[in-house]
Every structure is written in structure tokens, then in C-alpha cells.
Amino acid sequence: MSVEIKIVKALKKYGDNTVISNLDLEIKKGEFFTLLGPSGCGKTTLLRMIAGFNSIEGGDFYFNDKRINDMDPGVRNIGMVFQNYAIFPHLSVNDNVAFGLTNRKIEKKEIASRTDEFLKLMQIDEFKDRMPERLSGGQQQRVALARALVIKPDVLLMDEPLSNLDAKLRVEMRSVIKDIQHKVGITCVYVTHDQEEAMAISDRIAVMNKGVIQQIGTPKDLYQRPSNLFVATFIGYTNTINTKLKNKNNKFYIEFGDIDVEVANIANDVKEQDVIASIRPEEFYLDEDGLVKGKIISSVFLGLNTHYEVKLDGVENTIELVQESSIDNIIPNDSIVKLSIKKEKINIFSIDGLSNLVRD
Amino acid sequence: MKNNHKFKLDIWGIITLLVVVGYILFLIFPLAMVLYQAVIDKNTGEFTLAYFSKFFSEKYYSSTLFNSFKVGGLTTILSIMIGAPLAYFFTMFKIKGKKFLQILIIIASMSAPFIGAYSWILLLGRNGVITNFFKGIGIALPNIYGFIGILLVLTCQLYPLIFLYVNGALKNVDNSLIEASQSMNVQGVKLFFKVIVPLIMPTVLAGGLLVFMRAISDFGTPMLIGEGYRTFPVLIFNQFMSEVSGDDGFASAIAIVAIVVTGIIFLLQKYASNRFSFTMNALHPIEEKQLKGFKNIIVHVFSYLVVGIAILPQVYVIYTSFINTKGLLFVEGYSLNSYKQAFSRMSNTIVNTFLIPGVSLVIIVLVAVLIAYLVVRRKNTLTNSVDVLSMVPYIIPGSVMGIAFKIAFNSNTIAIGGFALMVIALVLRRIPYTIRSSVAILQQIPMSIEEASISLGASKMKTFFKVTMPMMASGIISGAILSWITLISELSTAIILYTGKTRTLTVAIYTEVLRGNYGIAAALSTILTVMTVISLLIFMKVSKGDGLSL
């Protein structure tokens, strides 16, 4: 059984300090939903309000049609995975996984068989009699997941579950989690500050900053059409260039010194104004006929790609440009290059950074 | 954790209220009674400050305040001067037989101070073994009685506390700090004063406070070896207990002065250690070095000498317990006669020595763990006040606690029996230490473990007993054993509250010493020491060599 989560006008205060206010959110049934943002943005606070470990100062939280504000965490039927796994160190792997079932009126036989089922599902059945201190980080993570899922919760809540693992294991566990969620078909709310992890794992992501949801969307939306400058810079890397938006015969251009570069998908009624252009490193490409001229300042070879730092004519700050590494030599510093830009990928933000002028 | 737990009348709310009621009844009420007696004239029933003016105007009384400060201050300074360098040597250098010395230090610190006092009398007193030996070769040793004796006994008894505290702090100093200093050519004595001393300063202050409090509130030592050098607790005891001139009002006034003084010192120490405090955590603890030549000899001589002096009284008491006695005198030959006599007089003393501290211990552990949980996990105004209340007995001298209980619960209105009274007094006196150590243990356990349990549907109580308690268990047990040791060697409260039926081993030893039955006293002391050593061995087994915190 999985549920749809609805949050209306959520309010969280610590003393007089308001951390979250007026937050609305709907999470679909069976969806893998991620709360993403820098530390202190309120994502964990929100997750713990859903779980019931943080008090709710205002607003309504629903699982389907059931209002859960005043329910104890123990009766919300949630599964929770913690950043430090929170494995009970005094109980064996088997007893850890069975713990939640022993709190329900379930027969011993049933407990054993359900515990076994999830131990197998998480591939930790061979460790069932071990104590947690003799498990690796990845194995502990699997125990934590099995323990959360075995009670057949309505929602699976995860608070930065992978941040204590090393990079390789993190990637591996990422797919383990995604797989399991898919198999069980459970609604899942996942908190992370790692945008790459969020993109890899989520159906939809809510990007949060300072207690406010900046944008909700699929990973592709967030990357390609961020709704404001914060999202553009938080998700992946982007070059931001302060420039002017010009309208010539109903075609829009941005100014690079003497040169105007065309941009696409801007509504006709947008006025000429100062703007911030956001152009990701891979949206520039070397082009003999390119209009934009620049000088290579430095380069970094990273295997698949080579990154160049380039000073463009008429642009104050240097920009980063990514090229697939070629078998030829790396372009030497101080070379003059000509560039073009994939115009349909450019995002143009109002000068305050709060809205995206590009529409699809 | 943020202060975000409003008071709720759930199971923890009820426990909070019960604890508050307990403290009001057994702490606030007796202290209020002491204050009441101190400012109300017994005959007229009117408000009076006469008792206080009597205390401060007559030098005979007020000098005890100065005497106590002198004893406390000098004991603290000497203890730090011996204990801190010893801990430094033990951490920095290889010393032969270090483990053995460490165990001796712990034993010395755990024994009852008045046993040390009486043993020093046997050694250095008018007819002491060492005194007579030097008299034989024509050297007259200085008089052990009075201030010098008290200072000697208390320093020997209390420098081990500083040693244990500082030793613990030095374990948290990272070796890289030492190496960094050495790379900048700061070495030896300079290293000690420029780097080590500032690092261990908060610990030294905390340990110093404990030493000072113990020194000024110790009752047995000045009573036995003071001979007219009167300190505070002696005065309170005499005023309260003496049948001829017993004056409850005056004793109460002195008690109030004592509480105010220790309270001020406690606050000063707290202020000072807050200013110095910082956290350390050693990734690589200091490695001990092998010293060579002259320095090596000095370090060894110093270590063995100070440990030897501290343990000497214990050893000598054990030795004398096997000497034959005739009447009050030790005579030639060895036997177990003292033990036989001791056992014949003990009646229920042994039972009491297990029963009273035993019952107290169970209550202490249970209540301390509950309070610690409230303080750490349910922060709100009410639990904060429980925290403060529970620390109050820390600054109240044992004898003051004794008379407060006697005044409050010996009247006709509220009468609580001897046994219960002694248990409650012991619980109150020891619980601050157990709460502090439980709080420390609890803070190490991440909140999320309990949340995991609750999210899996376990109730609050089930979470506490099935998850939190088992995780705290090893820390609680080792703390309990230490409490046990201090409880069986407690004297200053017991001496005021005991009755014929509730005589404990320490009270028995004390009375036998006063009567001059040194053989029996020695036998009883040996029994107490053996109990202490066995408890310590169990402690070391349980805590697997973890640091000793008091």
C-alpha cells in the first residue's frame, strides 16, 4: 500500500525563528520524490515533519485523505532510513530487521518469514546472525532499508542515506534503492544535498532554498529549464553572463561586446532589458564560423572531456567551455578561438535572477 | 537539539513531575527547615539573625571558616602540584610497573579519608612507628597532629583524583600537537607549561573543585588528627550532636554559611571553566617515550615515592590488622584475633554495609538514568530545573545533609525511619555524579536510533527499555560500581543519621578508632579495603580499561 502525500501551507518555527512558511507540496502515489537543496535549506526539517519527529506549527499534512498532523510517528506507518542508519548496535541483523514487526500483533512464524523475505531481497540473509559492528557501511545501509521496508509502510522516508558511504558504494546503493522502490512500488521521499544523486534516483525533485521550494520538476526540466538563477547554478555548473536582451524584428538577441547572439523561445511581449544569461559549459562549441571570439586562458584534461577557461571579447568574467577530448593536442593557452552557442539551450533570467524569460 | 519539547503529560511528563515532587520533599523541604531554624529563635518564634552574628562575631567559631579554607585551598594546590605532573609523566614516558602503580593510585583515592588519618597516627603519631624509629636515632619529627596532619592526610587522599582527571584529559591530547610544538623547538618543561597546561586547564579546574569540596567537607580527618584544629564540619557536628550544648539553631546557621560558601566556589569554578573550555579528541594519542639516564631516574623516583606515600596508610592498616592485641595495645606476634573480635561485635553491620548502599545504588541508577534522559532528550523548563535541583547536593557538605535530614524528618510530624533516611540521603548525595555520567553516555547515542525505534511502532517506554537502556548499559554498570565504592566508604552523613540498627562499616571503624580499639578498627578497615579492591577489579573488567571518571 502506498499513499499520496499532500502538504498545505506548512509552517515550521523554532522559537521565533521561522524556518519554513506557507509551503505547499503534492507527492504522487508510488513516486520517487526528492527534496534537494544546500544544507540549512529546510529539506530535512520538512522530511521530519512528514515523519512526525518535528512538531508542525501550522498547515495540514495528509496521507491520502487522512490528516496526520497529530499522529505519533509510530502510527503513521512510515519507514524511515537515517543518515547514520540508526542500526540498533545491541541487536543482531535479524533482530534489527524484525524489530518493527515485534511491535505489531503478528505471529512469530509470520515475523520470521517476512524478515527472511526482506533479508533476501536486500541480499543480507547470510549476515543475519551478525552484530551490526561487524558489517560494512553498505551492508548496514541494506539492513536499515530492510528494517524500514519489512513493516510494509505507506511511505518510505530517507534522510541523506548515502552521504556516509564512499563514492563507488554510493553509486551502487543508488541503484539498489531505486530498484527496491520500483519493486515494492512505495511512495518515497528522499532528502539529499547531492544534485547528481538526486538526478540519478528521482522521478521528480523539489529544489529548496531558505525554506522555500524554488522549483518542482523532473531532473530534465530542472537542468534544461531552471525556473530561476538559484536552480540554474545549484543543478550542475553554468556560466552566468550579465548582458542585455535586445529585440530586433521580433527576434531576440543578447549582447557580447559588439556582437549580438540570437536566443530562442522568448515570448514576443518580453521587453528589452538587462538580463543574466545562463549558458552551460557544453552549450558552447568551437566553430570556424562562430561569431563569438575568445582567448584560451587555461585548460584541464579530465579524460572524457577537456575543460577550457576562456576569456570572451566583450564579457568581463571568463567562462568555462567543455569539449569532448580529441586525439589531437589540447588547444594551447593564449590561442584565439571562435565559438558558437546552442541557442535553444540558453536560459535568460531577469536581472534579479528570480524568473526565467525563456519559454518552451 | 533545540529546546523544542513543550511539557506534555505523557509518560515522561509524569516521571518529570514525580522527580520534582521527590526533590521538593527530600531536598527543598529539609534545606528550608535548616534555613527556618537558622533564622527563627527557638524560644520566642521570632525572626532573628542572632545565630549568624554569634558565628561571625566570636573568633572561636568564625575561625573554623578560615581554617576550612586554609585546609581546602592548600590541599587543592598541593594535590594539583603532585597529581598533574604525575599524570604528565605517566602519559609521556615509559615507567616500569605503570599499570600496577595506576591501580594503587585508584585504590588510594577510593578509600575513606579517615582511615588514612588514623593510619598516619599509627605511623607518625606520638607513639607512631616511624616517630619512635627516628626518636631511637635521636631525631625528633614534627608534630603530626593539627593542620599539618590534616593537610598530609587529605593531600595523599585527594591528589589521586587530580591524577585521574588529568590523565583522562591527556588521553585526548593529540600527539600531533606535541610534535607540532617540538618542530617549533618547544620542548621539555617549556612544552609542559606552554602547551600541556593550557590544554588540561579546564580539567584541572574541575578536578580542583572536586578536591576542594571534598577537603573542606571532610569530617573524619580533622576529627581524628586535627586535635583542636577545628574546621567547619567538625563545628557543625559538635554543635548539633553534643548532648550538653547541642544547639540546632546555631548548627543550622553554620550549615547555611557552609552552603553559601561552597555554592559561591562552585559558581566561580563554573565561570572559570566555561571561559577555558574547548573540546579535544585525539586521533593519535600521545606515545610514551623511553627516558634515559638521570631524567629517567628522577621520573621513576618521583612516581614511586608519591604513589608509595599515598598507599602506605592502607598497607599499614592491613598489616596491623594481623598483629596481636592486648586490650588497646598492639603486642608481639601475629594472629587473626582482631578479625575474630571484629566479627563478634559486628552483628548487623556487615549486612547494613551491603544493604544500605545496595538499595541506594539501585535507586540511584534508576533515577539518574531517568533524569539524564529527561535532561538530554526532553529539554524544557521543568526538566532544566530538575537538572539544577539534582546538582544542588553536589555543593552541600555531607554533614550538612545529615543534620538537614535529622531536623526535617526526626520531628513528630514527619518521621522517616533510620534505614529509609540513610538510603535517601545517600541517593541524593551520590546522584549528581551518576546523572552527569549518564548524560555524557546519552549524548553519545544519536537521537536517530530512538527515532528509528519509534518510527517502527515501538512505544516510548519500550524504546527506552529495549533500545536506549541496553545501549547505555556498559557505561551505567561501570558508573554504578564506582558509586558503590563511594557509598560503602561514606562517613559524614552516616555518622549523623545512623542508629543502632543502621550502623555501617565506616561508622563502626570510626567508633572503634575513637575508642582506641585499633586492632578491631584495622580488621574492619581491611575488610572495607578488600571490598573496595574487589569492586574495582570488577569495574576494570566491565569497563575494559576505559577511563575512570568520578
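1. At what angle do the axes of helix 4 and helix 13 of chain B cross? Roughly 35 degrees is the answer, and the two axes come within 9 Å. Bear in mind as you look around that this is a predicted model. Helix 4 of chain B covers residues 98-110 and helix 13 of chain B covers residues 293-320. The crossing of helix 4 past helix 13 in chain B is left-handed. From helix 4 of chain B, the contact takes in Leu101(B), Leu104(B), Ile105(B), Ile107(B) and Ala108(B). Helix 13 of chain B brings Ser303(B), Tyr304(B), Val307(B), Ala310(B) and Ile311(B). Sort the residues of this contact by class and you get 9 nonpolar, 1 polar and no charged.

2. Next, have a look at helix 5 (residues 113-124) and helix 7 (residues 147-171) of chain B. Their axes come within 9 Å and cross at roughly 125 degrees. That angle makes helix 5 of chain B oblique to helix 7 of chain B. The crossing here is right-handed. On the helix 5 side of chain B you'll find Pro113(B), Gly116(B), Ala117(B), Trp120(B) and Leu124(B) in the contact. Helix 7 of chain B meets them with Leu152(B), Val153(B), Leu154(B), Cys156(B) and Gln157(B). This contact of helix 5 with helix 7 in chain B has 8 nonpolar residues, 2 polar ones and no charged ones.

3. Helix 11 of chain B passes helix 17 of chain B in a left-handed crossing. Pro233(B), Ile236(B) and Phe240(B) make the contact from helix 11 of chain B. From helix 17 of chain B come Ser399(B), Val400(B), Ile403(B), Lys406(B) and Ile407(B). Here the contact between helix 11 and helix 17 of chain B splits into 6 nonpolar, 1 polar and 1 charged.

4. Now zoom out to the domains of chain B. The domain assignment gives domain 1 of chain B as 1-30 + 323-550 and domain 2 of chain B as 74-235 + 279-320. Their centres, taken over C-alpha atoms, are 26 Å apart. Where they meet, 32 residues of domain 1 of chain B are in contact with 26 residues of domain 2 of chain B. Between them, domain 1 and domain 2 of chain B bury about 2800 Å², with 76% of that on carbon and sulfur atoms.

5. Chain A has two domains in its assignment as well: domain 1 (5-232) and domain 2 (237-350). The centres of these two domains of chain A, taken over C-alpha atoms, are separated by 40 Å. In chain A, 9 residues of domain 1 touch 12 residues of domain 2. The area buried between the two domains of chain A is about 800 Å², and carbon and sulfur atoms give 47% of it. Keep an eye on Tyr223(A), Arg225(A) and Leu229(A): they supply 64% of what domain 1 of chain A buries against domain 2 of chain A, more than any other three residues.

6. Last, how do the chains meet? In the contact, 23 residues of chain A face 18 residues of chain B. About 1800 Å² is buried between chain A and chain B, and carbon and sulfur atoms give 61% of that area. In chain A, the residues that lose the most area to chain B are His90(A), Phe99(A) and Asn103(A), together 25% of what that side buries.

How values were computed: Residues are numbered from 1 along each chain as its sequence is written. Chains are lettered from A and ligands numbered from 1 in the order in which they are written. This is a predicted model: local features need pLDDT of at least 70, side-chain atom pairs count only at pLDDT 80 or more; totals for chains, interfaces and linings use all residues. Side-chain values use heavy atoms; hydrogens and water are left out. Axes are lines fitted to C-alpha atoms, for helices over the stretch in contact, and angles run from 0 to 180 degrees between N-to-C directions. Helices (H or I, at least four residues) and strands (E, at least two) are DSSP runs, numbered from the N terminus. Angles under 35 degrees count as roughly parallel, over 145 as roughly antiparallel, 65 to 115 as roughly perpendicular and the rest as oblique. A crossing is left-handed if the near helix is turned anticlockwise from the far one by less than a right angle, and right-handed if clockwise. Contact means heavy atoms within 4.5 Å. Ala, Val, Leu, Ile, Met, Phe, Trp, Tyr, Cys and Pro count as nonpolar, Asp, Glu, Lys and Arg as charged, and the others, Gly among them, as polar. Domain bounds come from an automatic or database domain assignment. Buried area is the accessible area (1.4 Å probe) that two parts lose on being put together, summed over both.
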